[in-house]
Amino acid sequence: MKTLYTTDVTTTGGRNGRTTSDDGVLDMKLVMPKELGGKGGDYSNPEQLFGAGYSACFGSALEVVAKKHKVDLGEYSVTATVSLGTTEEEDLQLEVILDCYIPGIEVEKGEELVNEAHEICPYSRATMDNIDVTLNLLLDE
């Protein structure tokens, strides 16, 4: 692999700790959500951070694919719904739904772009055959 970018992010205290990046831009407290027995509140958690990273990365992959196909994405968006659950063996497992909104696109072309973005997105490639990822194309009504 030819490295294009590297960063270090350190978390102390796990889900009830603090996470910081090597450049200091990311510096935040983490708190376990109430749904998992934590106190929740105005703090983030690993699933939210994963969703932020995945939706941003997938959006960038969508831009690359759209440019290749000479398609204007307009005011597109990608929403990642990240769920934490357990397998039959009671191991923890993630599941992701990516809702891709591309205004004014025809269904066939939109599906082609979303599927191709899924093939090149680093998050998609990292999770492939590891977690369930559902791709949805949202259109104007």
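# A tour from Lys70 along helix α1

Begin by selecting Lys70, which is placed in the loop between α1 and β4; helices (H or I, at least four residues) and strands (E, at least two) are DSSP runs, numbered from the N terminus. The model is a predicted one, in which local features need pLDDT of at least 70 and side-chain atom pairs count only at pLDDT 80 or more, while totals for chains, interfaces and linings use all residues. Residues are numbered from 1 along each chain as its sequence is written, and side-chain values use heavy atoms, with hydrogens and water left out.

Most residues other than glycine have a negative phi. Lys70 counts as exposed because its relative accessibility is 77% (exposed is over 50% relative accessible area, buried under 20%, partly exposed in between, with a 1.4 Å probe and protein chains only).

Next, select Asp129, in the loop between α3 and β6. Its phi is also positive, near 65°, in a residue other than glycine. With 80% relative accessibility, Asp129 counts as exposed.

Now select residues 46-68, helix α1. At 1.5 Å a residue, its 23 residues should span 33 Å, and the end C-alpha atoms are 33 Å apart, so the two agree; the expected span is 1.5 Å times one less than the number of residues. At the start of the helix, a side-chain oxygen of Asn45 comes to within 3.1 Å of the backbone nitrogen of Glu47.

Which residues of α1 are buried? Among them are Glu47, Gly51, Tyr54, Ser55, Phe58, Leu62 and Val65. An α-helix has 3.6 residues a turn, so residues three or four places apart point the same way. Display β4 (77-86), β5 (92-101), α2 (107-120), α3 (122-127) and β6 (132-138) to see what the buried residues of α1 pack against, contact being heavy atoms within 4.5 Å.

Lys68 also lies in α1, but is exposed, with a relative accessible area of 57%.

Finish by selecting Met1, Lys2, Thr3, Leu4, Tyr5 and Pro122, which line the largest pocket. On a 1 Å grid over the protein atoms alone, a pocket is an open set of points where a 1.4 Å probe fits, with protein on both sides within 12 Å along at least five of seven lines; lining residues have an atom within 4 Å of a point. The volume of this pocket is about 160 Å³, as the space filled by probe spheres set on the points.

Definitions and conventions:
Polar contact = N/O pair within 3.5 Å; in protein donor to acceptor, adjacent residues only side chain to side chain.
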